[in-house]
Amino acid sequence: MSLLRIDGLTKEFGGLTAVDAVSFGVESGETRAVIGPNGAGKSTLINCVTGLLTPTAGVVEFDGDDITDAAPHETVQAGMSKSFQTASLFPSMTVAENVEMAALAAENGSFSLDFLRRRDRMEGVHEIVDRMLDAVDLGAEREIEARSLPYGDKRRLEIAVALASEPEMLFMDEPTAGMSPDETADTVDLVEDLQRDLGLTILIVEHDMEVIFRIADRILVLNRGGVIADGPPEAVQGDPDVQEAYLGGVEL
Ligand SMILES: Nc1ncnc2c1ncn2[C@@H]1O[C@H](COP(=O)(O)OP(=O)(O)OP(=O)(O)O)[C@@H](O)[C@H]1O
Ligand SMILES: [Mg+2]
């Protein structure tokens with residue numbers, strides 16, 4: 001049984017169908033890429049699945065539970081997490097404090113002082129902070145203010161923040177956007193490590209085809225909201241519909 005099952009997912013904005021009857025499954029432990037030209041509906045798809053948007057039609061099932069209409073905090077409780085942009089970091093807090101806040105919020109639903117006083121729970125939180133900073137290789141930077149980190153480290157901290165809820169499945173929307181080639185290479189290594197070391201299931205939207213073909217087990221290709229291909233990298237690469245969708249754009 002697929003960990004994530006999406007059936008007929010549709011999202012309309014007024015007269016525009018941004019996601020059009022999309023169906024696919026993601027197996028546990030898989031790294032699944034979603035690609036497609038600008039405006040294809042990739043971000044809208046992720047936002048519908050993680051609860052930021054409510055789908056117009058269709059079903060989303062996670063671990064066998066129907067979560068189609070779940071709110072964002074409910075999808076986190078179900079075991080999903082989305083890595084947000086740098087705006088979600090607290091710039092004047094340290095690296096470790098940023099992850100700690102996220103771990104506390106995930107455990108408690110929302111932040112409360114009373115909760116902070118419970119020492120046994122705090123020990124659990126500290127263990128999560130250590131483990132996730134280690135996972136993204138920011139252990140040595142733990143006492144540095146988030147705002148002082150280089151860009152690539154900030155993006156890795158966002159991933160640690162997303163991991164603080166100990167998700168089964170991590171969603172990433174263009175994690176290498178704006179990164180230098182070195183930072184991109186580090187991020188690709190990181191995604192591979194996360195899948196291997198934490199056993200994470202990953203859904204990644206990414207424009208960099210080199211990145212995609214290196215890390216994806218399967219690739220879903222969207223164009224104008226609809227699925228035009230779904231399969232392993234080799235099959236997708238040679239697909240004539242995919243070639244056409246990218247004509248004049250990215251060369252596969
Ligand atoms: N909140 C919204 N209201 C109205 N239209 C929207 C909204 N969000 C997205 N759209 C439209 O839906 C379509 C899909 O957008 P989406 O952002 O999902 O594409 P994308 O594949 O993520 O593109 P990109 O590669 O540029 O990030 C686009 O035509 C976009 O303009
Ligand atoms: Mg997008």
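Colleague: In this predicted model, how many bridges join strand β7 to strand β8?

Modeller: Strand β7 covers residues 169-173, and strand β8 covers residues 201-205. The two strands run parallel. Within this pair, D173 stands opposite V205 in β8. The number of bridges joining β7 to β8 is five.

Colleague: Which strands stand at the edges of the sheet?

Modeller: The sheet is open and has six strands with mixed pairing, in the order β6-β7-β8-β3-β9-β10. An edge strand has a single partner strand, so one of its sides is left without a neighbour in the sheet. The strands in this position are β6 (80-83) and β10 (226-231).

Colleague: What is the average twist from one strand of this sheet to the next?

Modeller: Strands of a sheet pair through backbone hydrogen bonds, either parallel or antiparallel. In this open sheet the pairing is mixed. From one strand to the next, the twist averages 20°.

Colleague: Helix α6 packs on the sheet; what angle does its direction make with that of β6?

Modeller: Helix α6 comprises residues 151-163 and touches β6 and β7. Its direction makes an angle with that of β6 of about 165°.

Colleague: Which strands does helix α7 lie across?

Modeller: Helix α7 comprises residues 181-197. This helix runs at about 155° to β8. The strands that α7 lies across are β3 (31-35), β7 and β8.

Colleague: Is N47 buried or exposed?

Modeller: N47 is placed in helix α1, residues 42-49. Its relative accessibility is 17%, and a residue under 20% is classed as buried. N47 therefore counts as buried.

Colleague: Which residue has a side chain joined to that of N47 by a polar contact of 2.9 Å?

Modeller: Leaving aside neighbours within four places in sequence, N47 is in contact with L52, L53 and K82. A polar contact of 2.9 Å joins the side chain of N47 to that of K82.

Colleague: How much of the area that ligand 1 exposes when taken alone does the protein bury?

Modeller: An oxygen atom of ligand 1 is 2.7 Å from an N or O atom in the side chain of K42. Another polar side-chain atom, in N38, lies 3.2 Å from an oxygen atom of ligand 1. Taken alone, ligand 1 exposes 630 Å², and the share of this that the protein buries is 58%.

Colleague: Which element gives the most to the shell around ligand 1?

Modeller: There are 13 residues around ligand 1, and G39, G41, K42, S43 and T44 come nearest. The elements giving two or more residues to this shell are β2 (16-26) and α1. With three residues, the element that gives the most is α1.

Notes:
Residues are numbered from 1 along each chain as its sequence is written. Chains are lettered from A and ligands numbered from 1 in the order in which they are written. This is a predicted model: local features need pLDDT of at least 70, side-chain atom pairs count only at pLDDT 80 or more; totals for chains, interfaces and linings use all residues. Side-chain values use heavy atoms; hydrogens and water are left out. Helices (H or I, at least four residues) and strands (E, at least two) are DSSP runs, numbered from the N terminus. Buried means under 20% relative accessible area, exposed over 50%, partly exposed in between (1.4 Å probe, protein chains only). A polar contact is a pair of N or O atoms within 3.5 Å; within protein, one must be able to donate a hydrogen and the other to accept it, and residues adjacent in sequence count only if both atoms are side-chain atoms. Contact means heavy atoms within 4.5 Å. Two strands pair if DSSP finds at least two bridges between them. Axes are lines fitted to C-alpha atoms, for helices over the stretch in contact, and angles run from 0 to 180 degrees between N-to-C directions. A residue is near a molecule or strand if one of its heavy atoms lies within 4 Å of it. Accessible areas come from the Shrake-Rupley method with a 1.4 Å probe; for residues, only the protein chains shown count as cover.
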